[in-house]
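Biologist: I have a structure open and I want to learn to read it. Can we take it one feature at a time?

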Amino acid sequence: MSTTKATTPEPFSRIKVRVTGLVFCGDDVALLRRDRADSVHWTTIGGNVQDGEDYREAVLRELEEELGLGPGLASTAPELIWMADARITRPGPTPSPRKFHLIYRLHVTPEVRARLATQEFDELPDGGHELGTVEWHDWRKVDALPLFPPIGTQIAALASPTAPVHRFELEPITDENYTWI
């Protein structure tokens, strides 16, 4: 007689890819503020890549879903500038995934910015929604924000919003260098 032992997946045994669009308008970058009962934090505009989806198409989809930034409205095409490997243990009952963050940069004009969404509704597993408020921050000052993924220091270190990026791979994000916000 053969028995099959039930196993619980180990943390980081599955890999997810998340795309982010850093949308700049002049000296400002768009971020989502999330107000929770025990904290306030910011996230970049983006989300998980769907099975079989092209990464560039995924970031364009996320920008349209969260900001209303439709095709042809940006003044530049999304440019992949950074990749970050995140292995952080998240709260909750499901095993934490290893997540690769692909961070794109693009620019909009003030006229397009004025037409973009000011709120975003993130669907929760229970069918509810979490409200995110779109805020524009001076890119040189985002290193002081509790931002996820934690790339505020890298954004603020850019010489300008259009400056070339010289190091593509960011330091890994781990439990040792990240605290859940």
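This is a predicted model: local features need pLDDT of at least 70, side-chain atom pairs count only at pLDDT 80 or more; totals for chains, interfaces and linings use all residues.

Biologist: Which residue does Arg33 meet in a salt bridge?

Modeller: Its partner is Asp35, with N to O at 2.9 Å. Asp35 is also partly exposed, because its relative accessibility is 43%.

Biologist: How many salt bridges are there by this rule?

Modeller: The count comes to 14. Take another one. The side chains of Arg36 and Glu130 meet at 2.6 Å, N to O. Arg36 lies in strand E2 and Glu130 in strand E8, so this pair ties together parts that are 94 residues apart in sequence.

Biologist: Are Arg36 and Glu130 buried or partly exposed?

Modeller: Arg36 is partly exposed, at 38% relative accessible area. Glu130 is buried, at 14%. Both belong to a network of salt bridges that also links Arg34 and Glu120.

Biologist: Why do residues three or four places apart point the same way in an α-helix?

Modeller: An α-helix has 3.6 residues a turn, so such residues point the same way. Here is a case. Glu65 and Arg61 are 4 residues apart in H1, which means about one helical turn separates them. They form a salt bridge, with the closest N and O atoms 3.3 Å apart. Arg61 is buried, with a relative accessible area of 18%.

Biologist: What do the buried residues of H1 pack against?

Modeller: They pack against several strands, including E1, E2 and E8. Among the buried residues are Ala58, Val59 and Leu63.

Biologist: What happens at the start of H1, and what comes just after H1?

Modeller: At the start, a side-chain oxygen of Asp54 reaches to within 3.0 Å of the backbone nitrogen of Arg56. Just after H1, Gly68 takes a positive phi of about 75°.

Biologist: Is Lys99 buried or exposed?

Modeller: Lys99 counts as buried, because its relative accessibility is 15%. Lys99 is found in strand E6. Its side chain makes a polar contact with the side chain of Asn48, at 3.2 Å.

Biologist: Last one. Where is the cis peptide bond?

Modeller: It joins Phe148 and Pro149, with omega about -10°. Pro149 is found in the loop between strand E9 and helix H3.

How values were computed:
Residues are numbered from 1 along each chain as its sequence is written. Side-chain values use heavy atoms; hydrogens and water are left out. Helices (H or I, at least four residues) and strands (E, at least two) are DSSP runs, numbered from the N terminus. Buried means under 20% relative accessible area, exposed over 50%, partly exposed in between (1.4 Å probe, protein chains only). Contact means heavy atoms within 4.5 Å. A polar contact is a pair of N or O atoms within 3.5 Å; within protein, one must be able to donate a hydrogen and the other to accept it, and residues adjacent in sequence count only if both atoms are side-chain atoms. A salt bridge is a side-chain nitrogen of Lys or Arg within 4 Å of a carboxyl oxygen of Asp or Glu.
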